Amino acid sequence: MAIPSILVEEKTTEYTVEDVVCPFCGCCCDDLIVTVRDSRIVDVRNACALGASKFLHMNEGRLLKPKIGRFDTAKEVSVDEAIETVANLLKDSSYPLFYGWACTSCESILLGLDLADLLGGAIDNTSIICHGPTVLAGQELGLIAATLGQVKNRADLIVYWGCNPLEAHPRHLARYSVSARGRFIDGRRDRKVVVVDVRRTATARMADLFVEVKPGYDYELLSALKMLVKDLDLEVDEVGGVPVSEIEKLADMMVEARFGALFFGTGLTMSRGRDKNVEAAIELVRCLNFKTKFVLIPMRGHFNVTGANEVFTWRTGYPLSVDFSQGYPRYLPGETTAVDILRRGECDLFFVVASDPISHLPRRILEHLGNIPVVALDPKITPTVYLSDVAIPVAYTGIEVEGTAYRMDTVPLRLKKIVEPPQGILSDVEILGMILEKLRG
Amino acid sequence: MKEALLIRNGIVYDPMNGVEGEVMDIAVEGGVIVEDVDEREAKVIDASGMLIMPGGVDIHSHIAGSKSNIGRLLRPEDHRRSYEPRTAVTRSGVGHTVPSTKTTGYRYARMGYTTVFEAASPPLKQKHTWEELNDIPIIDKAALTVMGNNWFIMDFISQDRIEDAAIYAAWLLKSTKGYGIKIVNPGGVEAWGWGGNVYDLDDQVPYFGITPREIVEGLCRVNSILNLPHTIHVHTNRLGMPNNCWTALRTVHTIRKSFGGGRPLIHITHCQFSGYAGSTWTTLRSGAEYIAKYVNSIDHVTLDIGQVVFTDTTTMTGDGPLEFRLFQSLAGKWANADVEVETGAGVVPVKYSRRSYVGTIQWAVGLELALLIDDPWRVCLTTDHPNGGPFTAYPRVISWLMSSKARGKVMEKANRRALKYTVLPSIDREYTFTDVAIVTRAAPARLLGLKSKGHLGVGADADIAIYDIDPRKIDPAVDYRMVRRALRRAAYTIKGGRIVVVKGEVVEDIPGRSIWVDVAVPGDRIEEVIREVKPRFEEFYTVKLSNYPVPESMLIGSSPIKVNPSI
């Protein structure tokens with residue numbers, strides 16, 4: 001695989017695209033101004049460091065040619081040959097597993113669902129390793145949510161629980177919550193900010209109240225808060241390492257808020273208790289709604305992981321981990337997630353789109369991946385691409401190809417095409433469409 | 001596509017053209033109904049002894065968008081008892097009350113329905129609505145745009161700038177590809193932004209210096225200025241609360257001044273949920289008689305019934321405070337989804353039980369409305385899918401309308417005490433097939449202003465439902481089960497001239513069209529209003545104005561209807 005450092009045609013043109021939606025995190029900030037010179041992005045204004053670096057460094061480590069063969073034995077092939085090979089692998093497969101979908105458009109996810117349904121395979125998205133528990137808790141009780149504009153216009157209390165937006169969603173505070181100005185709230189001075197976390201993070205340092213909970217004690221602390229909101233007494237001195245007086249203070253702040261918003265991250269969903277933690281948070285917010293107005297919003301990671309849940313749900317009824325092996329969608333978290341299927345060694349093909357599971361999934365699943373073909377669609381050379389038997393380069397969704405993405409609060413936005421992809425590189429929508437055509441025809 | 005089709009000897013009910021059960025041939029070419037086709041070249045369907053109606057039109061159904069998807073997400077247990085495996089032509093899917101997208105299209109088509117209107121879509125999330133509507137096959141669809149709690153609309157109305165409100169509404173419709181003005185609990189959902197609600201037409205909406213009455217009146221004037229094909233589509237205040245029939249009637253009454261004959265001015269949607277008398281749940285009474293009496297005496301209102309069927313279902317509405325109230329009394333699942341600047345939403349699963357007092361009253365109110373209002377052209381059949389029950393229950397509802405025996409069967413097992421407070425047991429009106437064709441096709445198509453739908457005249461879209469039942473040979477009042485069976489599975493459904501369903505099975509999976517209204521407001525007037533709105537728009541919303549519209553390229557089969565406003 002050759003990796004030229006820069007791919008530019010000899011032209012001297014410069015243009016600027018405004019109101020670009022950032023295809024990085026779940027904030028999907030839509031006010032970026034991107035400058036392109038000689039078909040190359042040279043400047044990104046308004047973006048945070050994370051978002052800007054995606055635009056500015058997108059061509060580093062890029063996959064430019066389809067390849068067949070693992071590791072160092074890989075040889076470059078044409079797109080047609082790669083697609084032919086993938087189609088044949090899929091034809092020979094009796095139970096393919098499709099995985100990824102967090103960093104691509106909804107259009108692409110729909111095609112993935114088409115493939116899984118057609119072939120009787122299984123399909124899963126990366127929310128299983130981030131906010132999957134949020135979704136499970138939502139199925140159990142129902143999320144009490146709002147779009148971020150409700151928070152911006154009305155919220156006088158912001159609680160960040162188990163998340164560190166200053167570093168993970170840097171513009172969240174300014175655009176949507178802490179210092180955002182809206183119709184009824186004039187920025188930071190009209191708001192109280194609380195951070196609940198296991199350590200004093202950067203976000204915690206700018207909070208009015210920081211509650212340091214012992215790792216693994218979120219459920220207890222949420223339950224204690226719920227009791228206080230329901231006017232019950234806590235007959236202990238501390239819960240989860242937090243003195244009762246402090247919990248009471250927080251409970252009072254919550255009840256006294258006119259509009260409160262609880263943002264929570266993987267500190268809640270991926271620590272001991274998981275979906276039960278989120279259920280406790282939902283129950284707390286339920287109780288609060290009998291006294292005031294309160295909502296909770298998950299801090300979703302990738303720019304379209306929310307969209308993956310949405311598209312899965314409208315097409316199959318289930319937000320993740322869908323199995324089509326019986327001819328219709330089935331959903332059994334604990335049995336049909338990608339991790340379960342790989343761990344049991346059931347799938348006979350692993351098809352990855354817009355994700356790098358080799359870096360993220362448990363190491364034990366690698367054992368099974370040694371025995372089955374792995375196919376990857378990705379703009380970059382990732383460990384998954386390196387390990388895959390067939391890899392096809394694709395354009396960057398939201399930079400080189402347009403599409404729909406859902407922000408963390410489920411607001412849909414149209415991602416823009418700003419520059420042409422490198423010569424010969426297609427979008428994942430086109431590649432998946434060609435594979436489908438081969439399988440149908 | 002020049003494919004010709006000849007449907008022979010069917011018994012045709014086409015009320016818009018005055019056809020009541022005549023045996024005739026229907027010719028189709030190029031997707032529309034034509035005078036005649038060359039028999040040798042056309043595909044011939046022998047429909048002798050079969051009932052033919054125009055394809056069904058659903059005026060109000062929650063099939064796509066943010067809250068439908070919250071409903072799907074919330075109810076895995078609902079999906080497990082209803083699933084459909086893929087076939088050679090169709091895709092798999094699930095869902096009893098909140099079916100997945102593909103399944104929604106197939107199920108409507110199987111019942112002979114070919115056009116469905118998504119009942120409420122917040123503009124900010126209308127891209128989501130369209131993505132789902134795109135994924136619903138076969139049927140033509142459109143979405144009503146929620147405006148009754150929109151800050152900019154409320155601000156314009158409270159400043160008495162009705163024309164600017166109209167221009168903003170036109171821009172909203174055009175930029176989100178909406179079809180009409182939907183009003184959900186005017187002012188109440190805005191108050192829900194603070195956890196509150198409004199309880200009367202003259203309550204103040206907090207901070208907006210406006211009342212629900214002014215919102216309804218204002219948007220009614222906006223609708224007239226824009227000459228929209230449909231009237232304002234209103235979900236009244238106090239919906240789902242005892243004694244709310246008076247609120248609904250006052251809402252209708254307040255706009256009578258602007259009525260000068262001609263087209264109606266207001267559509268009260270799922271009127272059953274606004275049709276209660278009695279001051280508390282324990283003293284709940286049917287208010288259908290009062291509503292019917294009023295509707296029979298005036299001309300400016302139409303309604304759909306929002307029938308309740310006894311089943312486990314999922315309620316979903318933009319009326320956030322209503323769902324919170326439901327949650328308070330049921331204590332089960334509750335999802336809430338406020339939308340900035342525009343509206344809210346909530347989803348709560350419920351179970352309507354025939355043994356329950358309230359459930360029986362609700363069931364009776366819908367049927368009473370349909371049976372006590374004299375003019376079927378002003379009544380549409382809906383279950384407010386999935387609020388009163390899933391749309392797949394329509395054949396059951398139709399059998400209740402056509403047969404007092406069928407109603408009697410239900411009443412035998414229903415709550416006795418409740419029946420004492422309804423007039424349903426004493427009603428002996430039974431719908432004819434013509435009445436059914438009106439309330440399920442002709443009336444909704446006419447009320448929505450769809451000129452080429454809901455009838456089988458020359459030039460109409462070739463959307464045709466053929467049912468395997470001979471109306472000359474059976475008496476629907478007695479053989480209501482046969483009617484039900486036949487309507488559940490159309491012998492043929494023809495959509496745009498293509499045979500999509502045969503014997504209740506989908507045989508071709510084609511995309512439907514996306515209908516929206518393109519109001520031709522002069523560009524400079526729109527620009528003027530939007531330029532004024534823009535700074536506040538970007539202060540209140542969390543998206544840029546330029547990222548707000550739904551590009552037309554997102555719609556599969558985009559079919560705008562041009563409308564000339566009086567601006």
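## Confidence

The model is a predicted one, and for chain A the mean pLDDT is 95, with 98% of the residues of that chain at 70 or more. Residues 1–5 of chain A have a pLDDT below 50, although this stretch still makes 10 contacts in the model beyond its near neighbours in sequence. Where pLDDT is low, the predicted coordinates should not be read in detail.

## Nonpolar cores

The largest nonpolar core contains 174 residues, and A:Ala281 and A:Leu296 are those with the most contacts inside it. Helix H3 of chain A, covering residues 106–119, gives the most to this core, contributing eight residues. In soluble globular proteins, nonpolar side chains tend to be buried together.

Once neighbours within four places in sequence are set aside, A:Ala281 is in contact with A:Trp161, A:Leu222, A:Leu262, A:Phe264 and A:Leu268, as well as with A:Leu296. Another core lies apart from this one and has 163 residues, including B:Ile139, B:Val189, B:Val234 and B:Ala443.

## The sheet of chain A

Three strands of chain A form an open sheet in the order E1-E2-E3, with antiparallel pairing. Strand E1 (14–20) and strand E3 (40–45) of chain A stand at the edges, and because each has a single partner strand, one side of each is left without a neighbour in the sheet. From one strand to the next, the twist averages 20°.

E1(A) and strand E2 of chain A (residues 32–37) run antiparallel and are joined by five bridges, and A:Thr16 has A:Thr35 in E2(A) as its bridge partner. Helix H1 of chain A (residues 49–56) packs on the sheet, where it touches E2 and E3 of chain A, and the direction of this helix makes about 170° with that of E3(A).

## Where the chains meet

Between the two chains, 48 residues of chain B are in contact with 52 residues of chain A. The elements of chain B that each supply at least two residues to the side touching chain A include helix H1 (66–74), helix H4 (126–135), strand E18 (335–338) and helix H18 (523–540). Sorted by class, that side of chain B has 19 nonpolar, 14 polar and 15 charged residues.

Strand pairing also links the chains, as strand E8 of chain A (residues 144–146) and E18(B) pair in the parallel sense over three bridges. Within E18(B), B:Asp338 stands opposite A:Ala146. Strands of a sheet pair through backbone hydrogen bonds, either parallel or antiparallel.

How values were computed. Residues numbered from 1 in each chain as written. Chains lettered and ligands numbered in written order. Predicted model: local features only at pLDDT ≥ 70, side-chain atom pairs only at ≥ 80, totals over all residues. Core = buried A, V, L, I, M, F, W, Y, C linked by C-beta atoms within 7 Å. Buried ≥ 20, exposed ≤ 12 C-beta atoms within 10 Å, placed from the backbone. Helix = DSSP H or I, 4+ residues; strand = E, 2+ residues; numbered from the N terminus. Contact = placed C-beta atoms within 7 Å. Nonpolar A, V, L, I, M, F, W, Y, C, P; charged D, E, K, R; others polar. Pairing = 2+ DSSP bridges. Axes fitted to C-alpha atoms, helices over the stretch in contact; angles between N-to-C directions. pLDDT = per-residue confidence, 0-100.
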